[in-house]
Each structure stands twice: as structure tokens, then as C-alpha cells.
Amino acid sequence: MANDNHANYAKIGFAIVLGVAAIIGTLIYLGGAWGKTESFFIETCYDKPVSGLAVGSPVNFRGVKIGEVREVSFIGSKYDVQGLDMSRIYILMALDKDKMGTADMETSDCEIGLCEMVGKGLRAMVSVNGITGIAKVECEFYPDELETGPSQLAWKPQHTLIPPKVSLLESFSESATKVMNQINRMDLNAFWSNINASVESVSAMTLSTRHLLESYQPEVERMFKNLEETSASLKVFSETIRDNPAVLLRGREAERLSETER
């Protein structure tokens, strides 16, 4: 009987050990201890709000995820800067070498290649999903962009810096805000007063023009009458020349000789 109890205890213990091993193996696999890929860091700065962007947000290149955001902070907390640069947004990103196709390259070579891509117009833009509100960093080529490059910054980046690209929606929103601010600063009362004064001036000028035309109406009617008479005379003269062109030479019709009369 005792032997049977020991056998049961051994089976239970073996099952417990096997379960614990399975759990540990699962945690190790999910934790990425096996098949862990190598990454290298890049950074960008942003002048606009980055609501929704956090650690772990995806970093895409032409829509394909190539990494994730590792830190979101202010430039002033990372570098020794002054003025408005202190409030610019600092974004640190880790790019997966395997997904970038550079697994066999050294990190320094990856950074050199990325600098060449920046020289060809690679820019980073923070975009937000309007439905979920989750933000991401989109990297794409914009050859015509003339935005601030790394050589024009007031600090020296620790990692390769991809210049920022403001989205079309942000540009439109900023322009709309400027227009609304200008409208708010306008003196609408003075604006409408100027419009009313302009309308009154145009009305007065129109009335003066009408009075002037009315005062010269007889002369205008006489002028048109003379033009009609002149036109009628020219018409008669044209018909006369057409029927008897010799009139132009003699001035009038030649008289018939008496010998030709019967």
C-alpha cells in the first residue's frame, strides 16, 4: 500500500515539474529570448503635438513596420539647448535590422546607409489613426522637402537623425488657425464702414455720369443724326460710282453731242 502511495506521489510530482517547465519555456519564448533580433537607434524631432505617440508605437517605412518608438520626451531633457528648441519633441526609435534587410551589416554601416537615405529626402512624419487615436511614425522619401536637416540643428544628435515632415492635415490646420486669428483681429465695424463708403461713392459717381449724359443728350442725338445723313450720302455716292465709274474722272456725267442726237 505504501509503495502505491509513493508511486502516485512520484507521478504528481513529475506532472508538476513538467507543467512548471512548460510555463517557463513559454515565458522565455514570449519574452524573445530565442530568435532575438538586433536593432539600431535613430531619432527625430517634432515641432507639433504628438498626442497618441508612446513607447512601443510602430515605426513604418512605406507602410511596413520596421521598428518601434523607444522614448518620447523633449529636446531640452536630452541636449543642452536654449529657447524654443527646449520644447521641441524628441523621439527615439529602434529599427529592426532583419526587417531593414541589414542583419549582416555593422551598426555603423547601417547608420551610414541611413544618412545617405536622409540626403535623398527621407523624412519622418507622425500620423494619427482618426478612429483609434493611436499614433505612429511614418518614414517616406520627399525629395523636394527643404526642411531642417541635421547640420542646421542647435545640438549634435547622438544617433542618426531623420528630419521631420509635417503632415498635410497639420499644415492645413495651422493655416486655418492663422486665418481665423487674422479674422479675429480684424475691425469688422471699420471694414463694413469702408464697404458702405465705397458703395456710396460708386452710387454718386453713377448718378453724376447719368446727369452728364442727360445734359449732352441733344448734342448726342444731333451727332447720331449727322452720322445717319453722312452714311446715306456715302451710300448714294457709292451706288453712283458703281453704275458710272467715269464720274470719278469727269466729276459729272458727259453731255451728249448734237450729232449723236436724232
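Guide: Start with a term. Two strands pair if DSSP finds at least two bridges between them. This is a predicted model.

Visitor: Which residue of β4 stands opposite E43?

Guide: Strands of a sheet pair through backbone hydrogen bonds, either parallel or antiparallel. Here, E43 stands opposite L92 in β4. Eight bridges join β1 to β4, and the two run antiparallel.

Visitor: How many bridges link β3 and β4, and in which sense do they pair?

Guide: Seven bridges, in the antiparallel sense.

Visitor: Are the residues of β4 buried or exposed?

Guide: Buried means under 20% relative accessible area. Eight of the eight residues of β4 qualify as buried. Check both faces. I89, I91, M93 and L95 are buried on one side, and Y90, L92, A94 and D96 are buried on the other.

Visitor: Which residues touch the most other members of the largest nonpolar core?

Guide: They are L53, V59, I91, V126, V137 and I162, in a core of 23 residues. β1, β3, β4 (89–96), α3, β5 and β6 each supply at least two residues of this core. Take L53 as an example. Beyond its neighbours within four places in sequence, L53 is in contact with V69, V72, I91, V126, A135, K136 and V137. Another core, of nine residues, lies apart from the largest one; among its members are I75, Y79, L92 and W155.

Visitor: What pattern does the whole chain follow along the sequence?

Guide: The pattern reads α-β-β-β-β-α-α-β-β-β-α-α-α-α. That is seven helices and seven strands. Of the 262 residues of the chain, 22% count as buried.

Visitor: What share of the accessible surface belongs to carbon and sulfur atoms?

Guide: The share is 59%, of an accessible surface of about 19300 Å². As for contacts between residues at least 6 apart in sequence, 60% join residues at least 24 apart.

Notes. Residues numbered from 1 in each chain as written. Predicted model: local features only at pLDDT ≥ 70, side-chain atom pairs only at ≥ 80, totals over all residues. Heavy atoms only, no water. Core = buried A, V, L, I, M, F, W, Y, C linked by side-chain atoms within 4.5 Å. Buried < 20%, exposed > 50% of the residue type's maximum accessible area, 1.4 Å probe, protein only. Helix = DSSP H or I, 4+ residues; strand = E, 2+ residues; numbered from the N terminus. Contact = heavy atoms within 4.5 Å. Areas by Shrake-Rupley, 256 points an atom, 1.4 Å probe, with all protein chains shown as cover.
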